[in-house]
Amino acid sequence: MKIAILTFPLKTNYGGILQAYALQKYLKDFGHEVYLVDIPGKTDSFLKYIINHLKVIYVYKNLTAYFKIEKQHEKIRKKIKNFIEENFLFTEPIDIAEIKEKLKKYSFDIYIVGSDQVWRPFFSVDIKTFFLDFVKDDKNIVKAAYSVSFGTIQWEFSKELTEECSKLIQNFDYISVRESSAVKLCQDYFSVKPEHLLDPTMIIDKNIYAEFAQKTTIKKENLITAYILDNSSEKIKIINKIADKMNMSVIELMPSTKRFKEKSYKTELSILPSIEEWLSSIMNAKFVVTDSFHGVVFSIIFNRQFIAINNKSRGSARFDSILALFNLKDRLINSESELTESLIKSEIDFDQVNIILKKEKEKASGFLQKVLEQKK
């Protein structure tokens with residue numbers, strides 16, 4: 001069959017790229033032809049564009065640092081370009097206004113929305129597209145949402161948008177969400193009860209990621225890997241404290257931390273990683289410190305000891321849900337004051353974690369098999 005996946009554009013977001021890779025990999029392994037729909041990302045208004053850039057300049061204190069981070073993202077784009085080109089099949093670039101007509105010629109049997117925060121209006125270029133409004137009347141197409149996220153426990157839809165999307169979601173054949181809180185949001189606002197399923201990255205075998213990780217020359221072991229998306233002096237204190245207590249050096253992924261350092265910690269290596277280097281740095285870490293949802297996910301996949309720093313600006317619900325699922329809520333902290341020596345030195349029981357993961361993978365696989373069998 002021909003299957004279309006609608007998710008956010010693949011830019012420089014490691015988790016976003018890998019969740020899309022995992023879902024299409026799972027589907028392709030059953031012999032299906034899988035495309036990612038190439039739609040544009042959200043474009044801010046000119047005023048918002050200026051405000052956001054002024055905020056960045058204020059945080060980094062000088063223009064030199066600001067332009068440096070812009071260059072960093074460009075370097076990352078170049079490093080991940082080959083991975084994207086080699087591992088994805090895309091439709092032609094499609095403007096939202098033309099999506100219905102342009103996708104007709106592909107004759108897709110199944111549309112799958114997800115994963116990531118594609119049902120969060122703040123992040124979406126046109127959220128009704130992610131409710132499949134362009135095929136709402138086509139009864140011959142299977143429509144599914146896999147592990148979709150709202151990103152937050154707060155309802156961010158307007159009254160009008162709630163009514164529109166509530167009607168659109170009734171056309172879905174199968175619905176699943178990534179957070180337990182999203183189950184309740186769907187029930188309360190859309191009058192549907194979705195399944196709560198794993199992020200796509202967790203449904204394929206970890207050896208697939210290990211093969212990518214082995215392709216890089218960066219294979220540092222027995223280090224603390226720091227993967228921090230939104231830096232602050234508080235997060236630097238947390239990393240420093242862990243490094244001091246464990247008497248270990250740190251490998252920085254996305255080394256913007258240097259612009260916030262009040263005192264330096266023992267940095268072994270700072271890199272703007274490729275996908276392969278990113279995977280290797282987590283797989284080979286002795287310990288991971290992250291404020292990223294997918295930083296947590298891959299720490300679990302690779303059975304790495306970790307501390308998660310709550311990243312409220314990107315959505316706390318994501319952390320709460322996955323850590324509760326694996327009985328790891330104690331690994332989430334909000335500040336350096338919550339980081340005790342016993343927490344740093346306590347070890348996660350990955351035997352129990354892996355039992356839960358196996359069960360949840362079977363549940364997710366069962367859902368996807370139902371989607372695939374609907375069209376037979």
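Q: In what order do the strands of the open sheet with S1 to S6 come, and how do they pair?
A: In general, strands of a sheet pair through backbone hydrogen bonds, either parallel or antiparallel. Here, six strands make an open sheet in the order S2-S1-S3-S4-S5-S6, and the pairing is parallel. Two strands count as paired if DSSP finds at least two bridges between them. Strands (E, at least two residues) and helices (H or I, at least four) are DSSP runs, numbered from the N terminus. Keep in mind that this is a predicted model: local features need pLDDT of at least 70, side-chain atom pairs count only at pLDDT 80 or more, and totals for chains, interfaces and linings use all residues. Residues are numbered from 1 along each chain as its sequence is written, and side-chain values use heavy atoms, with hydrogens and water left out.

Q: Which strands stand at the edges of that sheet?
A: Strand S2 (33–36) and strand S6 (195–196) do; each has a single partner strand, so one side of each is left without a neighbour in the sheet. Further in, strand S1 (residues 2–6) runs parallel to strand S3 (residues 110–113), joined by four bridges. Ile 5 has Ile 112 in S3 as its bridge partner.

Q: What does helix H1 lie across?
A: Helix H1 (residues 14–28) lies across S1, S2, S3 and strand S4 (142–148), and runs at about 160° to S2. Axes are lines fitted to C-alpha atoms, for helices over the stretch in contact, and angles run from 0 to 180 degrees between N-to-C directions. Contact means heavy atoms within 4.5 Å.

Q: What is the order of the open sheet that holds S7 to S12?
A: Its six strands come as S9-S8-S7-S10-S11-S12, with parallel pairing. Strand S9 (267–271) and strand S12 (332–333) are at the edges with a single partner strand each, so one side of each has no neighbour in the sheet. Strand S8 (residues 250–253) pairs with S9 in the parallel sense over four bridges, and Ile 251 stands opposite Leu 269 in S9.

Q: How many residues does the largest nonpolar core have?
A: A nonpolar core is a set of buried Ala, Val, Leu, Ile, Met, Phe, Trp, Tyr and Cys residues joined through side-chain atoms within 4.5 Å. Buried means under 20% relative accessible area (1.4 Å probe, protein chains only). The largest core here has 75 residues, and Tyr 146, Leu 279, Phe 298 and Phe 326 have the most contacts inside it. Beyond its neighbours within four places in sequence, Phe 298 touches residues including Leu 18, Trp 278 and Ile 282.

Terms used: Buried means under 20% relative accessible area, exposed over 50%, partly exposed in between (1.4 Å probe, protein chains only).
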